[in-house]
Amino acid sequence: MSAETSGSGMGATPRRSLHVGSAMIDIICIVAEQNVERMTFSNDAKSFLMLEAGRKVPAQSISSHVGGGACNTAVSLARRGWDAAVLARTGNDHNAGAVRAHLAEHGVSADWVQTASDAATGTAVMVASHDRNASIFVHRGANEGIAEADLADAAFAGRDLVHIAPLSSRSADAFPAIAAKGRAAGAFVSANPGIRHLTSRTEALLRAMGDVDLISVNRVEAEALVPAIAAREGEGPDERLGEGAPELLRRGLSSSGFAMGLLRWLAAMRALGPRYVVLTDGTDGAWLAGPDGVIWRPSLPAEVAGTAGAGDSFTSTLGAALCEGVGAAEAMLQAAVNAASVVSAIDTTSGLLERAVLERKAATVGETALFEAA
């Protein structure tokens with residue numbers, strides 16, 4: 001029985017997922033606005049936090065958490081009632097023990113978490129202030145070492161969904177093999193490649209799209225792909241725009257002198273193989289292109305404590321819902337609800353919702369704000 005038709009995931013036998021990517025220790029530092037200066041460019045959508053050299057800066061809080069794309073998305077599906085497992089690499093150190101304890105606490109299998117003898121467990125230091133959109137110092141460590149030889153067939157066997165979280169360096173080289181193994185296992189394959197992967201291994205990534213069911217990128221990542229997509233499909237604006245079109249649909253995507261209409265770009269990405277292409281645009285919502293057309297879902301209001309983990313929660317919830325056979329509009333709604341909950345906490349997993357709570361909250365929002373493009 002296929003991943004899309006084997007039930008809702010609510011029965012006695014839970015669906016099974018494998019999450020390939022990073023396992024990290026996130027050290028999160030929250031700094032009050034008055035203790036750090038912010039500079040914003042008026043002609044470029046960039047802001048910078050400025051810390052005085054040699055000064056000891058008071059922090060509102062400094063806390064340590066387990067994160068990383070594979071861990072975040074696995075916990076997300078465990079909260080949904082899935083039987084989730086992580087395939088990642090850690091060092092042989094104290095932080096590796098924290099990763100395993102975190103996964104055990106949330107009912108996620110660490111059977112496929114490998115120990116590297118030549119690298120430390122990945123660590124990120126996040127400094128957040130003002131809008132809580134953190135600047136991140138990252139040491140990827142063991143996360144960079146996933147190789148094709150590490151991808152045991154048994155890890156993929158019987159999975160309903162295989163999610164490929166952002167990969168970098170040697171791990172990114174393994175992306176085509178991960179996707180192919182997921183496809184061979186009959187799983188719904190979702191991927192959230194990340195900007196480093198997209199820009200360093202563009203052609204290899206695009207060639208692997210035939211083994212991917214859902215690819216998720218944010219606006220910056222989508223624009224980074226515009227030159228490669230335009231070279232295949234040609235540039236140009238969208239021919240028709242409906243009334244009340246959201247801003248990104250009117251503006252389109254551009255990079256390095258290439259420009260494409262959003263609908264044209266989404267169609268070109270789907271032509272490479274994925275059944276679903278999702279483009280997230282922060283507070284301006286998200287777009288989903290699928291067999292039934294293109295829909296836009298606005299983001300939901302939230303009191304933002306931290307933006308880390310929002311993309312993982314959105315993509316994992318969307319992929320799981322689509323895999324379960326949930327309609328595209330409802331799947332996007334559930335993803336938006338979970339992402340809004342995650343950003344209300346400073347870490348990447350505390351805000352993830354259990355299925356019953358998620359569905360109850362989604363039912364209170366409804367579909368009235370949905371925009372559809374033919």
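**Figure 1. Salt-bridge network of Arg80, Glu324, Arg355 and Glu359 in the predicted model.** Arg80, Glu324, Arg355 and Glu359 are joined by a network of salt bridges, a salt bridge being a side-chain nitrogen of Lys or Arg within 4 Å of a carboxyl oxygen of Asp or Glu. The structure is a predicted model, in which local features need pLDDT of at least 70 and side-chain atom pairs count only at pLDDT 80 or more, whereas totals for chains, interfaces and linings use all residues. Residues are numbered from 1 along each chain as its sequence is written, and side-chain values use heavy atoms, with hydrogens and water left out.

**Figure 2. The salt bridge between Arg80 and Glu324.** The side chains of these residues, Arg80 and Glu324, meet with an N to O distance of 2.9 Å. Arg80 lies in the loop between helix H1 (69-79) and strand S6 (83-91), and Glu324 in the loop between helix H11 (310-323) and helix H12 (328-342), so the pair ties together parts that are 244 residues apart in sequence. Helices (H or I, at least four residues) and strands (E, at least two) are DSSP runs, numbered from the N terminus. Arg80 and Glu324 are both buried; buried means under 20% relative accessible area, exposed over 50%, and partly exposed in between (1.4 Å probe, protein chains only).

**Figure 3. Salt bridges of Asp213 with Arg183 and Arg275.** In the salt bridge of Asp213 with Arg183, the closest N and O atoms are 3.2 Å apart. Asp213 is located in the loop between helix H7 (202-207) and strand S12 (214-218) and Arg183 in helix H5 (residues 175-184), so this pair ties together parts 30 residues apart in sequence. Asp213 also forms a salt bridge with Arg275 (2.4 Å, N to O). Arg275 lies in the loop between H10 and strand S15 (276-280), so its pairing with Asp213 ties together parts 62 residues apart in sequence. Asp213 is buried, at 3% relative accessibility, while Arg183 is partly exposed at 30% and Arg275 is partly exposed at 29%.

**Figure 4. Packing of helix H8 against helix H10.** The axes of H8 (residues 219-233) and H10 (residues 262-271) come within 10 Å and cross at roughly 70°; axes are lines fitted to C-alpha atoms, for helices over the stretch in contact, and angles run from 0 to 180 degrees between N-to-C directions. The two helices, H8 and H10, are therefore roughly perpendicular (65 to 115 degrees; under 35 counts as roughly parallel, over 145 as roughly antiparallel and the rest as oblique). Contact (heavy atoms within 4.5 Å) involves Ala222, Leu225, Val226, Ile229 and Glu233 of H8 and Arg264, Trp265, Ala268 and Met269 of H10.
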